Amino acid sequence: MSKVNGCDIPEDLYYSVEKHVWGKLEDDGTVTVGMTSVAQSLAGKLLYITPKKVGRKIAQLKSVATVESGKYVGPVPALFSGEIVAVNDEVVKNVSIINSDPYGKGWVCKIKADNIEEDKKNLLIGKEAVEAYKKKIEADGIKCE
């Protein structure tokens, strides 16, 4: 895992650096989606999450959930297009899990992706993702706590 200004950036995940979301390809063909360390740090202490319902079809970079903190209300975009097949009920009950563990227990939903190979073309992974995030973090003066 790489760290930039206190922000964790696991190298084995797919990212949309501009949207501050990650995706992990699972062995069963689904994609787990969540907010990055940067996203939760920028939002501050999260207060609520309202996920879309299981069965909902989502286009790439369209919202799978809305999060709210004292200073932010906004979407959690899907990195891959497809159907929502699971929502993290623990996060719905206690959204602050995203603040404390954004890449683990703080995942938001799972998607059965329609076209992984096509969607991956718009995403970054590995050293490319870390470098892009490093530039974004430094340019925007972001620090994770």
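Buried, for a residue, means under 20% relative accessible area. Keep that cut-off in mind for the close-ups below, which come from a predicted model.

View 1. A disulfide joins the two, with the sulfur atoms 2.0 Å apart. What does this sort of link amount to? A disulfide is a covalent bond between the sulfur atoms of two cysteines. The turn about the S-S bond is 90°, and the link of Cys7 and Cys144 is right-handed. Cys7 sits in strand β2 (residues 7-9) while Cys144 is in the segment after α5 (126-140), so the pair ties together parts that are 137 residues apart in sequence. The disulfide count for this structure is 1. Cys109 is worth a quick look too: its relative accessibility is 1%, under the 20% cut-off, so Cys109 counts as buried.

**View 2. Ser69 and its surroundings.** Ser69 belongs to strand β8, which covers residues 63-69. Buried or exposed? Ser69 has a relative accessibility of 5%, so it counts as buried. Look for the polar atom of the Ser69 side chain: the backbone oxygen of Ala43 lies 2.5 Å from it. Leaving out neighbours within four places in sequence, Ser69 is in contact with Ala43, Gly44, Lys45, Leu46 and Leu47.

View 3. The side chains of Lys3 and Asp8 meet here, with N and O 2.5 Å apart. How open are the two partners? Lys3 is exposed, at 56% relative accessible area, whereas Asp8 is partly exposed, at 22%.

**View 4. Glu11 and Lys127 meet across the sequence.** In this salt bridge between Glu11 and Lys127, the closest N and O atoms are 3.9 Å apart. The pair links distant parts of the chain, with Glu11 in the loop between β2 and β3 (14-16) and Lys127 in helix α5, 116 residues apart. Glu11 is partly exposed, with a relative accessible area of 31%, and Lys127 is exposed, with 62%.

View 5. Lys57 and Asp114 form a salt bridge whose closest N and O atoms are 3.3 Å apart. Where do the partners sit? Lys57 is in strand β7 (residues 57-58) and Asp114 is in the loop between β11 (109-113) and α4 (116-120), so this pair links distant parts of the chain, 57 residues apart. Lys57 is exposed, with a relative accessible area of 52%. Elsewhere, salt bridges that share partners join Glu18, Lys136 and Asp140 into one network.

Conventions: Residues numbered from 1 in each chain as written. Predicted model: local features only at pLDDT ≥ 70, side-chain atom pairs only at ≥ 80, totals over all residues. Heavy atoms only, no water. Helix = DSSP H or I, 4+ residues; strand = E, 2+ residues; numbered from the N terminus. Buried < 20%, exposed > 50% of the residue type's maximum accessible area, 1.4 Å probe, protein only. Polar contact = N/O pair within 3.5 Å; in protein donor to acceptor, adjacent residues only side chain to side chain. Contact = heavy atoms within 4.5 Å. Disulfide = S-S within 2.5 Å. Salt bridge = Lys/Arg side-chain N within 4 Å of Asp/Glu carboxyl O.
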